Amino acid sequence: MALLEVNNLKKYFPIKKGVFSRTLGQVRAVDGISFTLKRGETLGLVGESGCGKTTVGRSILRLIEPTAGQITFNNQNLLDLEREELRKVRASLQIIFQDPFSSLDPRMNVGQIIAEPIRNHLKISRKEIRERVAYLMERVGLHPEHISRYPHEFSGGQRQRIGIARALALNPLAIICDEPVSALDVSIQAQVINLLARLQEQMNLSYLFIAHDLSVVEHISDRVAVMYLGRIAELASDQELYQNPLHPYSRALLSAVPIPDPEIRRKKIVLQGDVPSPMDPPSGCSFHTRCPECKEICSQEEPILKDAGDGHWVSCHLW
């Protein structure tokens, strides 16, 4: 049974103008996506910048309120919960933010940052809180003696480890990782990815791993969902997607991933045109304006996400 189930999730942002703030239109950031996340699984969510990945993660946590849809976490519908009920659920559903500097309060030291969720949710003594913070710092590779330092005294990779420790403070069941390594150097990226993988194995964590770097997603994910303009274009296991991509957009993304072997050459697929505006998405398939394999039906009918076999889902008229 799925730990997290998202059904037909939508998030539209109104476009307002004028003295009376009249609504002139809507930005369809997330336009009806569905997926599940099993216990102990990592689901990678990839796509170009602006396709709605981060909005999906924040909508699940209700950091921004979804326009429509259903979000079920651990057998609870998150959209039906009142503020206090939602607060209790968030102890089991945490987030790691993209920017490891702006996500940490510069007025608080490391001990206060990691201890904040513990103080808010658990009734334990100050000594127990301090011991818990020191344990979490060790677990993510930080020195407990640095507990009184402030975020600006740490490197980018160390700051992200502080964010990870904060997310682990309440022993969550699932963590939404919102591009947690995109702001880090490549060598540090590998260390943080390995840390997340090790923590997942030790604590049986589930990750929704949001990223635009396909090589990073391949390393950590069990399944991968490819997003385009607020919708899921393809969803499959990591091996199946990387070895046998079915959607033309997925093939174009994978063709741009560098191969660390100078003797192997991959034919790059260069997409024409720009990504359409989510304020006025094209009719039919949202990718048909850039698709090298576009047919007449693609501009007329919106494809549905269907199973192409063995749990490989694709939203394309070619299948």
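Biologist: What do the buried residues of α6 pack against?

Modeller: In this predicted model, they pack against β3 (42-46), β6 (93-96), β8 (206-211), α4 (126-139), α5 (156-168) and α7 (214-220).

Biologist: Which residues of α6 are the buried ones?

Modeller: Look for Q189, V192, I193, L195, L196, L199, Q200 and M203.

Biologist: Why do the buried residues of α6 line one face of the helix?

Modeller: General idea to start with: an α-helix makes a turn every 3.6 residues, so residues three or four places apart point the same way. Now the case here: looking down the axis of α6, the buried residues fall within an arc of 155 degrees, so they line one face. Turn to the face away from that buried side and you'll find the exposed residues V186 and E201.

Biologist: How many residues does α6 have, and what comes after the helix?

Modeller: α6 covers residues 186-203, which is 18 residues. From first C-alpha to last it reaches 26 Å, close to the 26 Å expected at 1.5 Å a residue. Next comes N204, with a positive phi near 55 degrees.

Biologist: Let's move to the sheet. What is the order of the four strands in the open sheet?

Modeller: Read it as β2-β1-β4-β5, with antiparallel pairing. β2 (22-38) and β5 (76-77) are the edge strands, since each pairs on one side only. As for β1 (residues 2-17) and β4 (residues 68-73), they pair in the antiparallel sense over five bridges. To spot a bridge, go to N7, whose partner in β4 is Q70.

Biologist: Which helix packs on the sheet?

Modeller: That's α1 (residues 53-61), which touches β1, β2 and β4. The direction of α1 makes about 110 degrees with that of β1.

Conventions: Residues are numbered from 1 along each chain as its sequence is written. This is a predicted model: local features need pLDDT of at least 70, side-chain atom pairs count only at pLDDT 80 or more; totals for chains, interfaces and linings use all residues. Side-chain values use heavy atoms; hydrogens and water are left out. Helices (H or I, at least four residues) and strands (E, at least two) are DSSP runs, numbered from the N terminus. The expected span of a helix is 1.5 Å times one less than its number of residues. Buried means under 20% relative accessible area, exposed over 50%, partly exposed in between (1.4 Å probe, protein chains only). The arc is that of the directions from the helix axis to the C-beta atoms. Contact means heavy atoms within 4.5 Å. Two strands pair if DSSP finds at least two bridges between them. Axes are lines fitted to C-alpha atoms, for helices over the stretch in contact, and angles run from 0 to 180 degrees between N-to-C directions.
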